[in-house]
Each structure stands twice: as C-alpha cells, then as structure tokens.
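Please read them with the coordinates open.

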Amino acid sequence: MLFWVNGKTRPSDKVFIMGDFNSEPVSVGYRNCIEAGYKSTYKEVHGSEPSPGTWPTGLQAEFMDAGDPMILDYIFYRGPETLRPVSAE
C-alpha cells in the first residue's frame, strides 16, 4: 500500500491513510508507516496510542467481539509541517 500511495503522491501532498490495519504498534506494518514519514493522528494528539486499545469495540454480541484489548485501527497522515491534528478520539 505504501509503495502505491507514495508512487502516486508528492512529498508535499497531504496524505491520509486510515482503517483497520489489524496491526499493533509493535508490528512491521505500523513501523513501515512511521518510517515512511507518516504519523499516527492519535499518538500525535495524545502522546501515545490509546489504552486499552481500539478492539474489542463492544458494538457486537459479546461472544463475537471479545478478547484481549488491542490497537488495530489507525489514521496515519503526512504532509507539510503545518498539517497537525487537533483532536483524535
């Protein structure tokens, strides 16, 4: 994904990548985004990723959405230094 996005955009472009990455902050996918110059919106606003996490959401039946909390959902961005998130929940 990063290869495709970075090939279609300029370094000065504002780029947002978001979704259910099924990757925790210690994963290769997360690290690849950070190393490619993207920032995690939540981490930039709050100083760290959410705790206990973004999953389970509690929105489905208990047996369908249960397990140890994990951080799996992100909004990554990159762009000029003037691009800064003001809120993330």
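How do the residues of the lining of the largest pocket divide into nonpolar, polar and charged?

1. The lining of the largest pocket holds five nonpolar, five polar and three charged residues. Here Ala, Val, Leu, Ile, Met, Phe, Trp, Tyr, Cys and Pro count as nonpolar, Asp, Glu, Lys and Arg as charged, and the others, Gly among them, as polar.

2. This is a predicted model, in which local features need pLDDT of at least 70 and side-chain atom pairs count only at pLDDT 80 or more, while totals for chains, interfaces and linings use all residues. Residues are numbered from 1 along each chain as its sequence is written, and side-chain values use heavy atoms, with hydrogens and water left out.

3. The largest pocket has about 260 Å³ of space. Among the 13 residues lining this pocket, Tyr-42, Asp-73, Tyr-74, Ile-75 and Glu-89 are the closest to its centre. Two or more lining residues come from each of α3 (41–46) and β3 (73–78), and β3 gives the most, with three residues. On a 1 Å grid over the protein atoms alone, a pocket is an open set of points where a 1.4 Å probe fits, with protein on both sides within 12 Å along at least five of seven lines; lining residues have an atom within 4 Å of a point. Points are joined across faces, edges and corners, and the volume is the space filled by probe spheres set on them.

4. The protein chain has three helices and three strands, in the order α-β-α-β-α-β along the sequence. Both are DSSP runs numbered from the N terminus: helices are H or I with at least four residues, strands E with at least two.

5. The three strands form an open sheet with the order β1-β3-β2 and antiparallel pairing; strands pair if DSSP finds at least two bridges between them. β1 (15–20) and β2 (39–40) stand at the edges with a single partner strand each, so one side of each has no neighbour in the sheet. Two bridges join β2 to β3, and Ser-40 has Phe-76 in β3 as its bridge partner.

6. Thr-41 lies in helix α3 and is buried, with a relative accessible area of 10% (buried is under 20%, with a 1.4 Å probe and protein chains only). Leaving aside neighbours within four places in sequence, Thr-41 is in contact (heavy atoms within 4.5 Å) with Ile-75, Tyr-77, Pro-85, Ser-87 and Ala-88.

7. Of the 89 residues of the protein chain, 26% count as buried.

Definitions and conventions: Buried means under 20% relative accessible area, exposed over 50%, partly exposed in between (1.4 Å probe, protein chains only).
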